[in-house]
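Please look over the sequence and the structure shown here before reading on. The report is meant to be read with both at hand, so that each residue can be looked up as it is named.

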Amino acid sequence: MGDAIDLTGDGGVMKKIVRRSKPDAIAPSESLPLVDVHYEGTFADTGEVFDTTREDNTIFSFEIGTGSVIKAWDVALRTMKVGEVAVITCKPEYAYGSAGSPPDIPPDATLVFEVELVACRPRRGSSVSSVSDERARLEELKKQREMAAASKEEEKKKREEAKAAAAARIQAKLEAKKGKGKGKAK
């Protein structure tokens, strides 16, 4: 869909959006750090699948920023919104490095993941008010977008009315010119 985005500035984690989320979709945050994803991991050099949640339709859940996943995922998932699907290319230093993860991941492997962010949730025991605050913020953003859309629609309507009025004036001038030319030549 789009060009690859260098998320780390050194080419270590590249993201290419395959499917955009809805504009009002939520993203991981301090109050919503738990994420649920579908993914398929392949080796960049062979394209061979080494891990996937798609075959058994499972969800993989983790908390962003705790080191429970490879660095590339912590970096990339922070930039995604629920519903988004992206291809994340991870250089070894942002994946499993020179050690790899035997027996599945060899040393110095560049990995490619197609990841779908399915959901963001608060930590267990988190204050519900932080989630309520996030919902209120999103609701306010939605209202602002609706007001902006209504304003644009009103501007468009005014432009169309101005075009119609201009066309009517031109038509009236043409009709007036037609009328002046009648009966003079025989």
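## The chain as a whole

The structure described here is a predicted model, and every value in the report should be read with that in mind. The chain contains 2 helices and 7 strands, and when these are read along the sequence they follow the pattern β-β-β-β-β-α-β-β-α. Helix H1 covers residues 71–77, while helix H2 covers residues 128–180.

Of the 186 residues in the chain, 31% are buried. The accessible surface of the chain comes to about 12,100 Å², and carbon and sulfur atoms account for 53% of this area.

Are the two partners buried or exposed? Glu84 has a relative accessible area of 5% and is therefore buried, and Lys15 is also counted as buried because its relative accessibility is 3%; the cut-off for this word is a value under 20%.

Another salt bridge is formed by Asp36 and Arg121, and here the closest N and O atoms are 2.8 Å apart. Asp36 is part of strand E3 (residues 34–43) and Arg121 is part of strand E7 (residues 111–121), so this pair ties together parts that are 85 residues apart in sequence. Asp36 counts as buried because its relative accessibility is 11%, while Arg121, with a relative accessible area of 33%, is partly exposed.

Arg123 and Glu63 also form a salt bridge, in which the closest N and O atoms are 2.6 Å apart. Arg123 is placed in the loop between E7 and H2, and Glu63 in strand E5 (residues 60–63), so the pair ties together parts that are 60 residues apart in sequence. Arg123 has a relative accessibility of 35% and therefore counts as partly exposed.

## Charged patches on the surface

Which residues gather in a patch of positive charge on the surface? They are Arg169, Lys173, Lys177 and Lys180. Arg169 is found in helix H2, and it counts as exposed because its relative accessibility is 52%, a value that lies over the cut-off of 50%.

There is also a patch of negative charge on the surface, where Glu153, Glu154, Glu155, Glu160 and Glu161 gather. Among them, Glu154 lies in helix H2, and its relative accessibility of 41% is why it counts as partly exposed.

## Points of interest in the loops

Several details of the backbone can be found in the loops. Pro102 and Pro103 are joined by a cis peptide bond, with omega at about 0°, and Pro103 has its place in the loop between E6 and E7. Asp108 is placed in the loop between E6 and E7 as well, and although Asp108 is not a glycine, it has a positive phi of about 55°.

A positive phi of about 55° is also found at Asn57, which is not a glycine either. Asn57 lies in the loop between strand E4 (49–52) and E5, and it counts as exposed because its relative accessibility is 58%. From C-alpha to C-alpha, Asn57 and Tyr39 are 9.8 Å apart in space, and they are 18 residues apart in sequence.

Conventions
Residues numbered from 1 in each chain as written. Predicted model: local features only at pLDDT ≥ 70, side-chain atom pairs only at ≥ 80, totals over all residues. Heavy atoms only, no water. Patch = residues over 30% accessible without salt bridge, like charges linked within 9 Å, V, L, I, M, F, W, Y side chains within 5 Å. Areas by Shrake-Rupley, 256 points an atom, 1.4 Å probe, with all protein chains shown as cover. Salt bridge = Lys/Arg side-chain N within 4 Å of Asp/Glu carboxyl O. Lys, Arg positive; Asp, Glu negative; His and termini not counted. Charge placed at Lys NZ, Arg CZ, Asp CG, Glu CD. Helix = DSSP H or I, 4+ residues; strand = E, 2+ residues; numbered from the N terminus. Buried < 20%, exposed > 50% of the residue type's maximum accessible area, 1.4 Å probe, protein only.
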